[in-house]
Amino acid sequence: MKHITSRDNPFYKGLLKLSGNARQRRKAGQTLLDGAHLVAAYRACGGKPQHLLHTGAAFQNEEVAELLGSFPDVPQTLLDDALFAELSELKTVSGLLALIALPDSDFSPERSGFCLLLEDIQDPGNLGSMLRSAAAAGCDAVFLSPGCADAWSPKVLRAAMGGHFVLNIVEDADLLAVAAQFGGQLFAASLAGMTSLFECELRGRVGFAIGNEGAGLSAELQAACQPFIIPMPGQVESLNAASAAAICLFEAVRQRR
């Protein structure tokens, strides 16, 4: 087992770049999973890390020790606490990070039966929440426009709580092309919509398009979708984008029971 004590270590410097730079993650085709929960979720979906990083206290945590022991042929590196803290953004540090390869993202819209199209979702917490809801609702794919936050950033990974590992996530997608190729019914919430979400037929091949937190969907993508409105009898003008996505997805779940 290697032990890194210096911030100048080349391997450690590469990890720092991965943790804080989307371009570096894409160039390397790798990202970091922060914490035992994400590593356990990755393992549960058949994932195998390329490298495991931990603190000296990690083996005192039963869950972390079990995870480390479950990958006997994966290289492990011990990091000094201060170095580990620079890589981890968790307030309660579990002492475990996993370096993983990014999955292929060439899933075709024609293969999808239940998907989410996300246009320019810029807040990592919102994006992660949407991925978590999509995974929980049973979506098979999420297509992200080039203006979305990096799906594999530490903040998005934490917010999605393992949702990444059961979804086909396609980044930098041309959403108009996705809409044309999908072949199912594509819906979008609109304040100008005349039909309630709860009156839409959502039992077949269905996709939902969700737009930017402030600007909403582009006119072009809106035109490619069937509009509906989410009834809001309360005294607010609109919903948070992640909340709207969850309501739409789980109305489809309700209808498919």
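This is a predicted model: local features need pLDDT of at least 70, side-chain atom pairs count only at pLDDT 80 or more; totals for chains, interfaces and linings use all residues.
Residues are numbered from 1 along each chain as its sequence is written, and side-chain values use heavy atoms, with hydrogens and water left out. Local features need pLDDT of at least 70 and side-chain atom pairs count only at pLDDT 80 or more, while totals for chains, interfaces and linings use all residues.

Student: How many aromatic pairs does a search of the whole structure find?
Tutor: Rings of Phe, Tyr and Trp (its six-membered ring) pair if their centres lie within 6.5 Å. Planes under 30 degrees apart count as stacked, over 60 as edge-to-face and the rest as tilted. The number of aromatic pairs found in the whole structure is four.

Student: What kind of pair do Tyr42 and Phe165 make?
Tutor: Their ring centres are 5.2 Å apart. Their planes stand at 65 degrees, so the pair is edge-to-face.

Student: How many residues apart are Tyr42 and Phe165?
Tutor: Tyr42 is in helix H3 (residues 36–44). Phe165 is in the loop between helix H7 (154–160) and strand E8 (168–170). Helices (H or I, at least four residues) and strands (E, at least two) are DSSP runs, numbered from the N terminus. The pair links distant parts of the chain, 123 residues apart.

Student: Is Tyr42 buried or exposed?
Tutor: Buried means under 20% relative accessible area, exposed over 50%, partly exposed in between (1.4 Å probe, protein chains only). Tyr42 has a relative accessible area of 13%. Therefore Tyr42 is buried.

Student: Is Phe165 buried or exposed?
Tutor: The relative accessibility of Phe165 is 15%. Phe165 therefore counts as buried.

Student: What kind of pair do Phe187 and Phe208 make?
Tutor: The ring centres of Phe187 and Phe208 lie 6.1 Å apart. The planes are at 40 degrees, so the pair is tilted.

Student: Which strands hold Phe187 and Phe208?
Tutor: The pair ties together parts that are 21 residues apart in sequence. Phe187 lies in strand E9 (residues 185–189), and Phe208 in strand E10 (residues 206–210).

Student: Which residue joins Phe187 and Phe208 in a cluster?
Tutor: Phe187 is buried at 4% relative accessibility, and Phe208 is buried at 1%. Ring pairs link both into a cluster with Phe228.

Student: Which ring does the charged end of Arg256 sit over?
Tutor: A charge sits over a ring if NZ of Lys or CZ of Arg is within 6 Å of the ring centre and within 35 degrees of the ring normal. The charged end of Arg256 is 4.4 Å from the centre of its ring. That ring belongs to Phe114.

Student: Which residue forms a salt bridge with Glu86?
Tutor: A salt bridge is a side-chain nitrogen of Lys or Arg within 4 Å of a carboxyl oxygen of Asp or Glu. A search of the whole structure finds nine. One of them, at 2.9 Å from N to O, joins Glu86 to Arg7.

Student: How many residues apart are Arg26 and Asp172?
Tutor: Arg26 and Asp172 form a salt bridge, with the closest N and O atoms 2.8 Å apart. Arg26 is in helix H2 (residues 22–28), and Asp172 is in the loop between E8 and helix H8 (175–182). The two are 146 residues apart.

Student: Which residues form a nonpolar patch on the surface?
Tutor: Patches are made of residues with over 30% relative accessible area and no salt bridge; like charges are joined within 9 Å, nonpolar side chains (Val, Leu, Ile, Met, Phe, Trp, Tyr) within 5 Å. Accessible areas come from the Shrake-Rupley method with a 1.4 Å probe; for residues, only the protein chains shown count as cover. The patch has about 230 Å² of accessible area together. Its residues are Phe198, Leu239 and Ile247.
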